[in-house]
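These are notes for a colleague who has the model open. They go through two chains, point by point.

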Amino acid sequence: MSRRLVASVLLITTLAGCAAPPRDLDLSLRHPSAEGRYVVQMEPPATPPAVNQIHAWQIKLNTADGAPVRNARIAVDGGMPQHGHGLPTQPQVTREVVAGTYLMEGMKFSMTGWWEIKLAVDAPQGADTAVFNVVVDPSGVRR
Amino acid sequence: MTAPGHAGADAEAARAPAAGRIFGSGRGYAAVTRVLVVVSALALLTGFSWTEAWNADDKAVLASMALEKLPALAPDPSNVVADVPAAAVLGKRLFTEVRFSRNQAVSCATCHAPDLQFQDGLPVGKGVGTGSRRTMPIAGSAHSPWLFWDGRKDSLWSQALGPLEDAVEHGSNRTRIAKLAQARYRAEFDALFGPMPELAPLPDDAGPLGTAAERAAWQGMDPGRRKDVNRVFANLGKVIAAYERTLAPGESRFDRYVRAVVAGDREGQQVLAPHEIRGLRLFLGKGQCATCHNGPLFTDQHFHNTGVPPRDPANPDHGRAVATAKVQRDEFNCLGAFSDAPPEACQELRFMATDDAAQLGAFRTPSLRNVAQRAPYMHAGQFANLEEVVAHYAKSPPAAVGHSELAHGTGGHAERMPIRLSASETRDVAAFLESLSGAVVESPAPPRH
C-alpha cells in the first residue's frame, strides 16, 4: 500500500512539475539593475494580451535616487529557460515616450509558462542589465 | 492562439501592476500538487482511478485547446480583398486553374487536394517536378503569422505566389501568369481591383526567378511595366488567399471530450477511449507535446529544431535560419509596395527574430488538427506514421544541423526534462492524435471580426 502511494505521488509530482516554474521565482516587475545603477520598472499592457499576440510594454528607467534616465539605449532579449528557446520575436525599444519612459514594441509570448525578459541598458550613467520573470497563464479559460 | 484577455486577469493587473504573473490568477503549482496527493490517497482508499480525473489546471489547459477557443480570424490589412466574398469565389476558381502551370496540368489543388485535407499524402510535393518539403495543409493557416515550413512568407497571399514561379511546382513565370489572368479573368479582377493595365505588348515569358532567358526579358522591361505585372501577380495571390481564409478545421472528438470534461458530463467523456485519454494525459504531461503543440490549433506558430533527421543527409535543410532574410527582402512582404498595410500594421515582420542560433534547422510547429489524416509526417515526410513521430520525440536524437531543443543528454538544455515514453505510452499518444480529426469547414460567408 505505502509503496503504491509513494509511486502515485511521485508520478503526480512529475506530471505537475513538467511546466511548473520554480517556486522561488522573483516575479517583481520593478527592481534595481544587476549592478544597481538603475531602478527598472516594466509595465505590461493594461489589457493582458492573448498568447501569440504582439504587444508593447513600457519601461521606466530611473537612477537609484529616482531621477528619470534619458537617452538610454535598451536592448531586449529573453526566452523560456525551461524549454531552451528564445523569444519568438525580436522586441525593440523604439522610442522614449516621456523622459525616462521607453516604449518596447514587438513582444510576444508564444505559449504559457515562465518567460524571461532581459534588458541591456546603456545610458550616460553606464551600462547595466536587468532580468524580469513573467509567468504566462492559460488565457481565455479563466473561471 | 487563445482568446484575448479575460476579466480575471484584467482585475488582477489593476490590483497588482508590479507582479510578474501578468496573465492570470497565479495559483501555485505547489497547491495543485498537494491537491493531487490528496486525490491520489483517496483514490487508493476508494479504488477510484485518478488517471481519469482532471484537476482544475488540467481542465483549464484542455479548455484552452478546444476549437471553440480559436479566436475569430484577424483581418489581414496587407490584403484589401482578404474578406471580400467575390474575391473568395474567384480565388476558389483560381485554386484549381491548371493553365497557370508550365505543363497546363498543375494547380494549387494538385498538392493541396480538397478531398485530402488540402494536402497530397506524399513525403514531398510533386508539381511539374519534385519538391524538397512536405505539402502543408491549408485549413486554419490564415491564423499563422508565417507560412511554409520555414516561414519565408508573411501572408497567405504572398505564400500563394511562391509556387506559381517555383521551377518544380507550377513552373511558370510572372508575365505569363499575369497575362493569362488578364486574358481569362479580366472582368473579375477589374471588379475587385479597378482597371488592369494593358499587358498584351509585354514579353510572354519573363520574370525575376525563371530561366536565364526569362530573367533577361524581365530586366529588359520598363520598371513601370514590371510594376504593372507585379501588381496583377500580387492581386492573384490576394484572391487565392481570400478563398483560403474561408477554410477552417472542423470539430473533432477531442473538442467534444473537452466540452464534456468542462461540463462534468461523464457519459459525454466516453467519446474518447481510455487509451486515447491516457495518450492525452501523456501529451500534456511527460510527453511534453503541448510545450509546442498548444492552443486550439495545437501549434505555438513558432519554429523549433527537434532533431528530425534530414531527408537528404548530404544536404540538410537549414529551415528558419535561411528564411528570415528571404522574407525581409521579399517584394511581396507586408512592408512591400504591393501590400495594402501601413508599416505599423506589419509588426510580425518588423519585430521578426533574425539572429537566433536556435533557428538553424528549425521548422514551424504544424497544427495537429486532422494530423491522423495526413501521413507521412514532418517537414519532408520523414516518418510514415504517428507512432514513428512520437517515438522520435521519445528518442530525442541530436540534430544533424543546429541543435535540438529536446533534452537528450548530449548537450541539450539542462533545465528541460528528457521525454521518456514506453512503447505502450508511445502508442497511446499516437492514438490520442487520432481524436483530433474533423471535417474541413468552408465558410460560405467571409470570416467575421
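The points below cover conventions, then chain A, then chain B.

1. Conventions. This is a predicted model, in which local features need pLDDT of at least 70 and side-chain atom pairs count only at pLDDT 80 or more, while totals for chains, interfaces and linings use all residues. Residues are numbered from 1 along each chain as its sequence is written, and chains are lettered from A and ligands numbered from 1 in the order in which they are written.

2. Make-up of chain A. Chain A holds one helix and nine strands; these are DSSP runs numbered from the N terminus, with helices being H or I of at least four residues and strands being E of at least two. Along the sequence the pattern is α-β-β-β-β-β-β-β-β-β. Of its 143 residues, 46% count as buried, meaning that 20 or more other C-beta atoms lie within 10 Å of the residue's own, against 12 or fewer for exposed and partly exposed in between, with C-beta atoms placed from the backbone. Among contacts between residues at least 6 apart in sequence, 58% join residues at least 24 apart; a contact needs C-beta atoms, placed from the backbone, within 7 Å.

3. The sheet in chain A. Four strands make an open, antiparallel sheet in the order E5-E4-E8-E9, where pairing requires at least two DSSP bridges between two strands. Strand E5 (85-86) and strand E9 (126-136) of chain A each have a single partner strand, so one side of each is left without a neighbour in the sheet.

4. Pairing within that sheet. Strand E4 (residues 73-80) of chain A is joined to E8(A) by seven bridges, and in this pair A:Val76 is opposite A:Leu119. Strand E8 (residues 113-123) of chain A pairs with E9(A) over eleven bridges, again antiparallel. A hairpin of two residues links E8(A) to E9(A). Across this pair, A:Asp122 has A:Ala127 as its bridge partner, A:Val121 faces A:Asp128, and A:Ala120 faces A:Thr129.

5. A helix crossing in chain B. How do helix H3 (residues 56-64) and helix H10 (residues 253-263) of chain B cross? Their axes come within 9 Å and cross at roughly 145°; axes are lines fitted to C-alpha atoms, for helices over the stretch in contact, and angles run from 0 to 180 degrees between N-to-C directions. The contact involves B:Lys59, B:Leu62 and B:Ala63 of H3(B), with B:Val258, B:Val261 and B:Val262 of H10(B).

6. Covered helix H6. In helix H6 (residues 156-165) of chain B, nine of the ten residues are buried. Among them are B:Trp157, B:Gln159 and B:Glu165. The cover includes helix H7 (174-193) and helix H9 (223-244) of chain B.

7. Covered helix H11. Helix H11 (residues 274-284) of chain B has nine of its eleven residues buried, so it is largely enclosed by the rest of the structure. The buried residues include B:Glu276, B:Arg278 and B:Arg281 as well as B:Phe283. H3 and helix H15 (423-433) of chain B are part of what covers the buried residues of H11(B).

Key:
Contact = placed C-beta atoms within 7 Å.
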